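Here is a short report on one protein model. It covers the overall build, the charged pairs and a few backbone features.

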Amino acid sequence: MTDTTTAAEAAASVTDLTLEEKASLTSGASFWYTKPIERAGVPAIMVTDGPHGLRKQREGGDHLGLGDSVPATCFPPAVGLGSSWDVDLVHRVGEALGTETSIESVAVLLGPGINIKRSPLCGRNFEYLSEDPIVSGVLGAAIVNGIQSKGVGTSLKHFAANNQEDDRMRSSSDVDARPLREIYLRGFQRVVEDAQPWTVMCSYNRINGVYASEDPWLLTGVLRDEWGFEGLVVSDWGAVNERVTGLAAGMDLEMPSSNGVTDAQIVAAVEDGSLDEAVLDTAAARVLDLVRKAQAGAGAVEGPLDIDAHHALAREAAGRSIVLLKNDAVADAGAPILPLATDARIALIGEFAEKPRYQGAGSSMINPTKLDTALDEIRALADGDVSYARGFSVAPDVTDDETSELRGEAVAAASAADVVVLFLGLPARLESEGYDRIDIDLPAEQLALVEAVVEANPNVVVVLSNGGVVALPFADRVPAILEGWLLGQAGGGAVADVLFGDVNPSAKLTETIPHRLEDTPAFLDFPGEFSHVRYGEGLFVGYRWYDARRMDVAFPFGHGLSYTTFSYGEATASVNALGDIDVTLTVANTGDRAGREVVQVYTSLPGGAVQRPVRELKAFTSVALEAGEIAEVTLTVRRKDLAYWDTRLDAWVVEGGDYVLDVAASSRDIRSTAEVTVEGDPIVLPLTRNSSIGEVMAHPVVGQMVQAAIAQMMSGMEGVEAIMPEGVDASKMMESFPIGRAGMFAAGDSNGAVSPEMIDGLIAMANAPQQPQD
């Protein structure tokens, strides 16, 4: 609940409504509006798509609003913005999104999406931030806090384990408890606990066989009882399977309108006693609270929108989203090819220079207020000759003759230039909401164009436009590659800024770029079959997989170059008063221009009791430094982020031990390492007759008591030891033996060292409630 209303007040207002009115509140009035109750003074509120811009349908526009939405700033989608790794920048973009949402009198912007990039084939990866839950959670919270600071709400989506588009309305994500908690839910938990989004949007898919829209474990047990979520759960549009079941599970608001069908189902269920009316009261109260929040925030920002200021922010954000993957020196030059000299003869090749691919296809498409092209912006900054050749066409029906002619024009332009900037990427039809990609390859005609252009002029800078990872078979043949992702409406200007060095690139990859699709973790388990997809890679998603297998990749997670250089000092680590770990080091800009470095901290626990990745990202920060400047940097690893999900206890556990903290420029570029001892959480497992002898001996209550009996039992096993090869420790073998079966080894022991009665007594003593110590 908000400061302006309490749970009691919201519940009390529900008592003023009829059963039918309460039911009506739990589904939409139309595609974008909730239902009003005029008699009770409850207005309708509008929600609309995001998450990288406001997509508000005009009155009388098309059904989805794709073709007739109001102009809004199209900021870089999450695939780009996430690569900034910059919490402050992401928060400022969130504020701008909140401003535009408020000006247009929209109550809730539907975003951000923070689902994990399990496979590069997911058609909606452009809407998501990372393959890592800490990056997704931290940056997702920054977006939510920024948007909601303007008096409008967000909808954290798609909850949960929604990692593909194929069969998305029915497919079951079959995932074990540890990866579900540690990878797929952890980012959502971070956003909920740190930012309290007004709403959470449940996803279409099933999780281990249960629809997300009707899963009480997910929507009530985890989201509310464990994480303390205070807001409303809304369905993804059309995600409701059984409305009454969903309401009981904690799915409060069905969108869009069901034309009253599901409202009637709820009324009937209450009347026949199959649904407790108190459940309906709770959901209706949450809808009323959302309406109150919207009313309290209405008019927080007055128009008109400062279009130029937001376009400038979009250009800044886009410049900070471009990852410099490679920047080698060229023949007869002693310096890297980038940044370009403004007086160079430049050939721009590739249709994306003229017709930018700047956002993904589907429900998040924004009608931009402006649209920059790289062709115009590069010419605006250049002093020398800038030629242009289309090079290829993204149209699906281009003939071989047309392709050959376009390639010939490109080769001619490249031959006459000092340097070539080659724009490559994925056409919109190859990646979209609603379906997945079938490969990670660039179109064949583009790959052929690379070969022809490099043959004509080896001084080639490739600029990529893609919403998901693409293979880069030409990476060793071109001196420079800029991963431009999808950069929003000001991306053309941002590319020009980075090419000429007006902006020093600082972005880093939030997902690994592999050599081949076959190398990817989910290759054998994507997209599943018969509406089930097995998450067979478990914890080993993204860089966790590649690093554990010591597999070569094209470019690793966290990688990104700069036009300057950075050095890291020796890191130190200590546990602070809150139990978190502070990692401190100096970072120096050792180059000749200002720059920004993303410092990353990865943790590991050698010799731990459970399977873990080789290293896992747990903290990061973005540090801006002038040329020659040195700064002390402290990053904090939260204790709770060290925890693994203990499937025996069904709870988070921090394992004690000596943790290694790698301070790095990428998951494979470790610059400094520190160690710190962390005290673990106490674990006391209930004992049963099936508990192992080792578990019993380690038990804090009965362990000491049973050791003598076990030792006596082992002393009677000389015959067993006699047949063992020399050096084999029979007692070690017995540690995994169930205690309930130990009596067979003491059957001939007149002392009854390990009798059934003794075993049962030890179990009862171990599991008895312990008295508190004075």
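How many helices and strands does the protein have? This predicted model contains 21 helices and 25 strands.

**Overall build**

The protein has 774 residues and a radius of gyration of 30 Å. A compact globule with that number of residues would have a radius near 28 Å, so the value agrees. Along the principal axes, the C-alpha trace spans about 100 × 75 × 50 Å. Buried residues account for 59% of the 774 residues.

**Salt bridges**

Side chains of opposite charge can pair when their charged atoms come close. The count for this model is 51 salt bridges. Three of them are set out below.

| Pair | N to O distance |
|---|---|
| Lys293 and Asp289 | 3.8 Å |
| Arg615 and Asp662 | 3.5 Å |
| Asp760 and Arg689 | 2.8 Å |

Take Lys293 and Asp289 to begin with. Their side chains meet in a salt bridge. Both residues sit in helix H10 (residues 277–297). They are four residues apart, so about one helical turn separates them. The cut-off for buried is under 20% relative accessible area.

Next comes the salt bridge between Arg615 and Asp662. This pair links distant parts of the chain, 47 residues apart. Arg615 lies in the loop between strand S19 (595–604) and strand S20 (616–625). Asp662 belongs to strand S24 (residues 657–666). Both Arg615 and Asp662 are buried.

Asp760 pairs with Arg689, with the closest N and O atoms 2.8 Å apart. Which parts of the chain does this pair tie together? Asp760 is in helix H21 (residues 756–767), while Arg689 is in the loop between strand S25 (669–678) and helix H17 (693–698). The pair therefore ties together parts that are 71 residues apart in sequence. Asp760 is partly exposed, with a relative accessible area of 40%. Arg689 is partly exposed too, at 38% relative accessibility.

Salt bridges also form a network. Its members are Asp86, Asp88, Arg92, Glu316, Arg320 and Arg596.

**A patch of negative charge**

Which residues gather in a patch of negative charge on the surface? They are Asp397, Asp400, Asp401, Glu402, Glu405 and Glu409. Glu409 is found in helix H13 (residues 400–415). This residue is partly exposed, and its relative accessible area is 39%.

**Backbone features**

Two cis peptide bonds deserve a look. One joins Gly111 and Pro112, with omega about 5 degrees. Pro112 lies in the loop between strand S2 (108–110) and helix H5 (133–148). Another joins Gly303 and Pro304, with omega about 0 degrees. Pro304 is in the loop between H10 and helix H11 (307–319).

Now turn to phi. Gln196 is not a glycine, yet its phi is positive, at about 45 degrees. The residue lies in the loop between helix H6 (177–195) and strand S5 (199–202). At 23% relative accessibility, Gln196 counts as partly exposed.

Trp485 also has a positive phi of about 45 degrees without being a glycine. Its place is the loop between strand S14 (480–483) and helix H15 (491–499). Is Trp485 buried or exposed? At 1% relative accessibility, Trp485 counts as buried.

Notes: Residues are numbered from 1 along each chain as its sequence is written. This is a predicted model: local features need pLDDT of at least 70, side-chain atom pairs count only at pLDDT 80 or more; totals for chains, interfaces and linings use all residues. Side-chain values use heavy atoms; hydrogens and water are left out. Patches are made of residues with over 30% relative accessible area and no salt bridge: like charges are joined within 9 Å, nonpolar side chains (Val, Leu, Ile, Met, Phe, Trp, Tyr) within 5 Å. Accessible areas come from the Shrake-Rupley method with a 1.4 Å probe; for residues, only the protein chains shown count as cover. A salt bridge is a side-chain nitrogen of Lys or Arg within 4 Å of a carboxyl oxygen of Asp or Glu. Lys and Arg count as positive and Asp and Glu as negative; His and the chain ends are not counted. The place of a charge is taken as NZ of Lys, CZ of Arg, CG of Asp or CD of Glu. Helices (H or I, at least four residues) and strands (E, at least two) are DSSP runs, numbered from the N terminus. Buried means under 20% relative accessible area, exposed over 50%, partly exposed in between (1.4 Å probe, protein chains only). The radius of gyration is taken over C-alpha atoms; the globule rule is 2.2 Å times the number of residues to the power 0.38.
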